[in-house]
Amino acid sequence: MNPDILFLFGGKPAAFSLYQQLEAQLLERYPDLRIKVAKTQVSFSNRYLFAAASLPRRKKEDHLIVTFGLGYQKISPRIFSSTEAARGRWTHHVAVKSAGELDADLFGWLDEAYAFSAVK
């Protein structure tokens, strides 16, 4: 385990557990997955970045934020924020508060983001 990941999720056991589950499923789905740990997030990429995991801005909250990019705005009640970061490039944010939310919907969106980033 990368010590930077432990530092990033230090004091947030629920978020760390969710992150570990997310990472394991991503590695299983995408054998060519590259993982980069930064100060505030963990980035997932193939040719380009397609998703990231981070903590909520409110320090007291202990869950995971999963971010992914698509070429259009995905609409869902689970997506708490979406922004057109550049023309035709939408960034979406989903709060993951339980293992049950690491589900087919979320991984369907991540599959789309993975495919989108591979051809840009």
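Helices (H or I, at least four residues) and strands (E, at least two) are DSSP runs, numbered from the N terminus. The exercises below concern a predicted model, in which local features need pLDDT of at least 70, side-chain atom pairs count only at pLDDT 80 or more, and totals for chains, interfaces and linings use all residues. Residues are numbered from 1 along each chain as its sequence is written, and side-chain values use heavy atoms, with hydrogens and water left out.

**Exercise 1. Locate Phe 68 and describe its surroundings.**

Step 1. Phe 68 belongs to strand β4, which covers residues 64–70.

Step 2. Its relative accessible area is 1%, so Phe 68 is buried (buried means under 20% relative accessible area, exposed over 50%, partly exposed in between, with a 1.4 Å probe and protein chains only).

Step 3. Contact means heavy atoms within 4.5 Å. With neighbours within four places in sequence set aside, the contacts of Phe 68 include Phe 50, Ala 51, Ile 79, Trp 90, Trp 109 and Leu 110.

Step 4. For Phe 68 and Ala 51, which are 17 residues apart along the chain, the C-alpha separation is 4.2 Å.

**Exercise 2. Characterise the packing of helix α2 against helix α3.**

Step 1. Helix α2 comprises residues 13–29 and helix α3 residues 104–118; their axes come within 12 Å and cross at roughly 50 degrees. Axes are lines fitted to C-alpha atoms, for helices over the stretch in contact, and angles run from 0 to 180 degrees between N-to-C directions.

Step 2. The two helices, α2 and α3, are therefore oblique to each other (angles under 35 degrees count as roughly parallel, over 145 as roughly antiparallel, 65 to 115 as roughly perpendicular and the rest as oblique).

Step 3. The contact brings Leu 22, Gln 25, Leu 26 and Arg 29 of α2 against Phe 107, Leu 110 and Asp 111 of α3.

Step 4. By class, the residues of this contact are 4 nonpolar, 1 polar and 2 charged. Here Ala, Val, Leu, Ile, Met, Phe, Trp, Tyr, Cys and Pro count as nonpolar, Asp, Glu, Lys and Arg as charged, and the others, Gly among them, as polar.

**Exercise 3. Determine whether Ala 15, Lys 12 and Glu 28 are buried or exposed.**

Step 1. Ala 15 lies in helix α2 and is buried, with a relative accessible area of 0%. Setting aside neighbours within four places in sequence, Ala 15 is in contact with Phe 9, Leu 55, Asp 62, His 63 and Leu 64. The C-alpha atoms of Ala 15 and Val 96, 81 residues apart along the chain, lie 8.5 Å from each other.

Step 2. Lys 12 is in the loop between α1 (3–8) and α2. This lysine, Lys 12, is also buried, at 15% relative accessible area. Apart from neighbours within four places in sequence, Lys 12 contacts Leu 55, Lys 59, Lys 60, Glu 61 and Asp 62.

Step 3. Glu 28, in helix α2, has 70% relative accessibility and counts as exposed. Between the C-alpha atoms of Glu 28 and Ala 95 the separation is 22 Å.
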